[in-house]
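This report looks at one helix and at the nonpolar core of a protein model. The sequence and structure come first.

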Amino acid sequence: MSFSSLGLSDPILRALDEKGYSTPFPIQIKAIPAVLSGKDVMAAAQTGTGKTAGFVLPLLQRLASGSKVKANHIRALILAPTRELAVQIADSVASYGKHLSLKSSVVYGGVKINPQMMKLRGGLDVLVATPGRLLDLFSKNAVKFSQVDTLVLDEADRMLDLGFIDDIRKILALLPKKRQNLLFSATFSSDIRKLTDNLLKNPVQIEVNPRNSAAKSVKQWIYEVDKNRKSALLSHLVRNKGWEQVLVFTRTKNGADRLVRKLAGDGISAAAIHGDKSQAKRTRTLADFKTNKIRVLVATDIAARGIDIIELPHVINFDLPKVPEDYVHRIGRTGRAGSEGEGISLVSADEVKLLSGIETLIRQLLVREVETGFVPTHQVPLTRLLKARPKKPKKQKKPKLTQEQKQGGKQKSGSNKPRRGSKSRGAEKSKRNPRVRGKQRRDSGTVSANKRLSRKNKGK
Ligand code: AMP
């Protein structure tokens with residue numbers, strides 16, 4: 001399969017050639033013809049799958065043959081949740097469209113608004129924007145929407161996680177009714193479904209990775225470790241395993257800063273990227289990381305959203321994320337563009353619920369390891385895959401009594417109960433009695449992890 005067979009024009013094919021792209025990725029094979037046909041598209045795709053080219057290439061092609069843009073107007077609007085992602089998309093628009101005479105730019109908050117207003121004056125074919133800044137520009141009459149015929153919502157799930165739903169609704173109400181809508185999201189929660197139901201008309205549905213599963217080319221496992229030894233373990237792993245480019249996630253900004261100090265104390269070059277850092281600082285840090293000037297980049301979920309580094313080999317969850325979907329996003333940073341990567345989580349006993357939530361979401365129990373010298377005193381309880389969304393138990397019909405039960409009377413009919421609801425009853429029992437739960441878990445398919453653990457402990 002080649003890009004030319006997807007119906008892309010010469011100027012775009014030339015730009016792809018110059019970028020060294022020879023074969024389209026699966027998301028591109030599906031999305032490009034769908035977008036070119038003018039239909040709405042709903043795609044389940046994570047970062048790293050090549051989704052940006054999946055919508056940017058056909059979008060540019062459609063815009064190349066359309067009408068001229070008027071002053072302060074825009075023809076296509078791409079909404080992204082973070083500045084980093086917005087900048088990254090805008091870079092893609094510029095490089096894929098370098099042989100077309102289309103005008104594009106990017107706007108986001110946290111920087112002066114005037115230069116962005118100036119860029120909008122002459123009108124733009126493509127505007128990439130974060131929602132808040134776009135509304136600010138609209139309120140200043142700097143941008144007009146009546147020429148918009150394509151809307152792209154990229155990383156829609158993240159947009160909702162970050163609380164942009166009201167801004168998105170406001171923006172949707174300002175756009176012309178007749179337009180093409182493209183929605184990309186790594187995960188599809190019920191809130192996203194609600195949004196897509198209102199937004200998309202008979203969309204072409206595209207799914208490249210099984211929904212809510214982490215990218216296939218990523219090896220994932222956890223290290224069980226005590227909470228207070230996590231940073232020592234991280235330094236140890238970075239040094240002993242010779243990791244040269246590591247992206248580490250922490251849950252909080254303070255946690256990120258603390259970890260950077262600890263790593264620096266251990267002689268490992270590290271920097272943090274999070275919401276309290278200025279845009280200029282974040283851009284500089286990212287550049288230093290990309291060029292291997294710093295070995296470890298510590299990021300919070302929000303800041304990491306737009307990070308695009310091809311073939312990032314190691315992603316570490318220093319803390320497990322509160323929202324299980326964030327695990328999928330984090331792991332999406334490695335194994336990008338088809339290359340193999342490692343997604344490793346440092347898990348302490350108090351995080352077992354978060355671990356279980358993640359495993360339930362990705363439908364997979366994560367392999368457990370214990371590093372020699374870091375055997376936890378508080379062992380992470382064993383987990384098992386739970387049903388994704390526990391359903392309300394149905395009211396049980398009164399069982400028909402067999403002849404034998406009828407004869408046995410009340411007592412026998414009672415003894416029938418455990419068989420009927422054995423699963424839920426077992427779970428209920430385990431809540432009351434942790435010892436029972438422990439036993440059930442040991443029986444539940446993670447025995448190999450346990451064996452490995454005891455082997456390692458012995459080996460210590
Ligand atoms: P994305 O998922 O859009 O962030 O893209 C992931 C990475 O894959 C980016 O660095 C792209 O430049 C790269 N990429 C996208 N499509 C292709 C392709 N067809 N061939 C090679 N690299 C690609």
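## Helix α11

The buried residues of α11 are A256, L259, V260 and L263. Here a residue is buried if 20 or more other C-beta atoms lie within 10 Å of its own, exposed if 12 or fewer, and partly exposed in between, with C-beta atoms placed from the backbone. Seen down the helix axis, the buried residues of α11 fall within an arc of 105°, so they line one face of the helix; the arc is that of the directions from the axis to the C-beta atoms. An α-helix has 3.6 residues a turn, so residues three or four places apart point the same way. On the face of α11 turned away from the buried side are the exposed residues R261 and G265.

The model is predicted: local features need pLDDT of at least 70, side-chain atom pairs count only at pLDDT 80 or more, and totals for chains, interfaces and linings use all residues. Residues are numbered from 1 along each chain as its sequence is written. Helices (H or I, at least four residues) and strands (E, at least two) are DSSP runs, numbered from the N terminus.

## Length and surroundings of α11

Helix α11 has 13 residues (253-265), which at 1.5 Å a residue should span 18 Å; its end C-alpha atoms are 19 Å apart, which agrees. The expected span is 1.5 Å times one less than the number of residues. After α11 comes G267, with a positive phi near 80°.

The buried residues of α11 pack against α10 (230-240), β9 (246-249), β10 (270-273) and β11 (296-299). Two residues are in contact if their C-beta atoms, placed from the backbone, lie within 7 Å.

## The largest nonpolar core

A nonpolar core is a set of buried Ala, Val, Leu, Ile, Met, Phe, Trp, Tyr and Cys residues joined through C-beta atoms within 7 Å. The largest one has 109 residues, of which V128, V248, L297 and V298 touch the most other members. Helix α3 (residues 51-64) gives the largest share of this core, seven residues.

L297 lies in strand β11 and counts as buried, with 27 C-beta neighbours inside 10 Å. Leaving out residues up to four places away in sequence, L297 touches L247, V248, A271, I273, T285 and F289. The C-alpha atoms of L297 and V246 are separated by 6.3 Å, although these residues are 51 residues apart along the chain.
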